[in-house]
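Here is a short briefing on one helix and its neighbour. Keep the sequence and the 3D view side by side as you read.

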Amino acid sequence: MIITGAGSGIGKACAVAFAKAGYQVVIGGRRLDKLEAVADELIENGHQVLSVQCDVSREEDCRKLVDETVKRFGAVDVLINNAGISMRALFADLDLNVLRKVMDTNFWGAVYCTKYALPHLLKSKGSVVGISSIAGKKGLPGRTGYSASKFALEGFLETLRTENLKNDLHVL
């Protein structure tokens with residue numbers, strides 16, 4: 001199981017919960033110090049974990065995350081696309097570089113990780129999970145970039161689900 005954005009928050013909570021449930025957990029995130037702290041906690045409790053520094057906005061990092069997972073555990077059965085960043089600004093005041101960074105992380109990060117994990121997930125009849133938000137269902141004021149990234153994620157996952165209805169790929 002791969003969990004992105006696992007150095008804190010929802011990603012860390014997922015890593016702890018799934019490790020306790022007996023999964024071999026691969027945690028990815030930008031900050032190696034945070035990942036190592038989570039990994040140390042899991043290892044101290046007898047769990048199998050691999051930490052891989054990964055900025056999901058960088059395609060090559062996502063490829064490395066999947067490759068390291070397969071190298072260590074031989075397969076990918078679950079991918080949880082959790083890594084994400086937020087932003088707050090009215091569109092009129094928005095720095096477009098901030099919007100680009102939000103899209104690169106929240107949308108493209110999930111696309112890159114899913115692209116490289118997909119052959120393995122199809123083989124294992126696994127699951128792709130995308131952590132979204134109410135902002136992916138309804139545009140929120142001051143959250144133009146964040147809402148756009150989550151709407152894009154929702155559309156991507158819905159299409160991925162439809163394309164793989166007969167392939168036993170679970171998409172959440």
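D95 caps the N-terminal end of α4, with a side-chain oxygen 2.8 Å from the backbone nitrogen of N97. This is a predicted model: local features need pLDDT of at least 70, side-chain atom pairs count only at pLDDT 80 or more, and totals for chains, interfaces and linings use all residues. Residues are numbered from 1 along each chain as its sequence is written, and side-chain values use heavy atoms, leaving out hydrogens and water.

**Helix α4**
- Helix α4 covers residues 96-124, which is 29 residues. (Helices are DSSP runs of H or I, at least four residues, numbered from the N terminus.)
- From first C-alpha to last, α4 reaches 40 Å, close to the 42 Å expected at 1.5 Å a residue (1.5 Å times one less than the number of residues).
- Just after α4, K125 takes a positive phi of about 55°.

**Packing with α3**
- Two packed helices are described by the angle between their axes and the distance between the axes.
- The axes of α3 (residues 59-73) and α4 come within 8 Å and cross at roughly 35° (lines fitted to C-alpha atoms over the stretch in contact, with angles from 0 to 180 degrees between N-to-C directions).
- Residues in the contact (heavy atoms within 4.5 Å) include C62 and V66 of α3, and Y112 and Y116 of α4.

Note on methods. Helices (H or I, at least four residues) and strands (E, at least two) are DSSP runs, numbered from the N terminus. A polar contact is a pair of N or O atoms within 3.5 Å; within protein, one must be able to donate a hydrogen and the other to accept it, and residues adjacent in sequence count only if both atoms are side-chain atoms.
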